[in-house]
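Thanks, everyone, for making the time.

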Amino acid sequence: MSEPREHQGDDGVAEAAATWFVRLQGADATGETWLAFEGWLTASPAHARAFERVERLWVELDEQAPQIAEALQAPQ
């Protein structure tokens, strides 16, 4: 199955978005970190789209966490 056209060839952008997401979750995210992120985010519409996908995935996983944990603990 091929990726949708908007996602083709953007592995580097997707990886950068995920990296930014993790960096911003850390307690050591400073004002400078946030300013650098803002610069990256606004440098390209592709960056904003990729970051939104990461955020959406995080929310979906958080919502499904109880079911995932239950499934992982179920006897095989």
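Leaving aside the neighbours within four places in sequence, Thr33 is in contact with Trp20, Arg23, Leu24 and Asp28. Thr33 itself sits in helix H2, and since buried means under 20% relative accessible area, Thr33 counts as buried because its relative accessibility is 10%. Please keep in mind throughout that what we are looking at is a predicted model.

Helix H2, which covers residues 31-43, packs against helix H3, residues 45-73, at an angle of about 110°, and their axes are 5 Å apart. As angles of 65 to 115 degrees count as roughly perpendicular, H2 and H3 are therefore roughly perpendicular to each other. On the H2 side the contact is made by Phe37, Trp40, Leu41 and Ala43, while H3 contributes His47, Ala48 and Phe51. Sorted by class, this contact of H2 with H3 has 6 nonpolar residues and 1 polar residue, with no charged residues.

How far does the predictor's confidence go along the chain? The mean pLDDT of the protein chain is 88, and 88% of its residues reach 70 or more. Confidence is highest in H2, at a mean of 97, and lowest in H3, at 94. Over residues 1-8, however, the pLDDT is below 50, and this stretch has 3 contacts in the model beyond near neighbours in sequence.

Key: Residues are numbered from 1 along each chain as its sequence is written. This is a predicted model: local features need pLDDT of at least 70, side-chain atom pairs count only at pLDDT 80 or more; totals for chains, interfaces and linings use all residues. Side-chain values use heavy atoms; hydrogens and water are left out. Axes are lines fitted to C-alpha atoms, for helices over the stretch in contact, and angles run from 0 to 180 degrees between N-to-C directions. Helices (H or I, at least four residues) and strands (E, at least two) are DSSP runs, numbered from the N terminus. Angles under 35 degrees count as roughly parallel, over 145 as roughly antiparallel, 65 to 115 as roughly perpendicular and the rest as oblique. Contact means heavy atoms within 4.5 Å. Ala, Val, Leu, Ile, Met, Phe, Trp, Tyr, Cys and Pro count as nonpolar, Asp, Glu, Lys and Arg as charged, and the others, Gly among them, as polar. pLDDT is the predictor's confidence in each residue, from 0 to 100. Buried means under 20% relative accessible area, exposed over 50%, partly exposed in between (1.4 Å probe, protein chains only).
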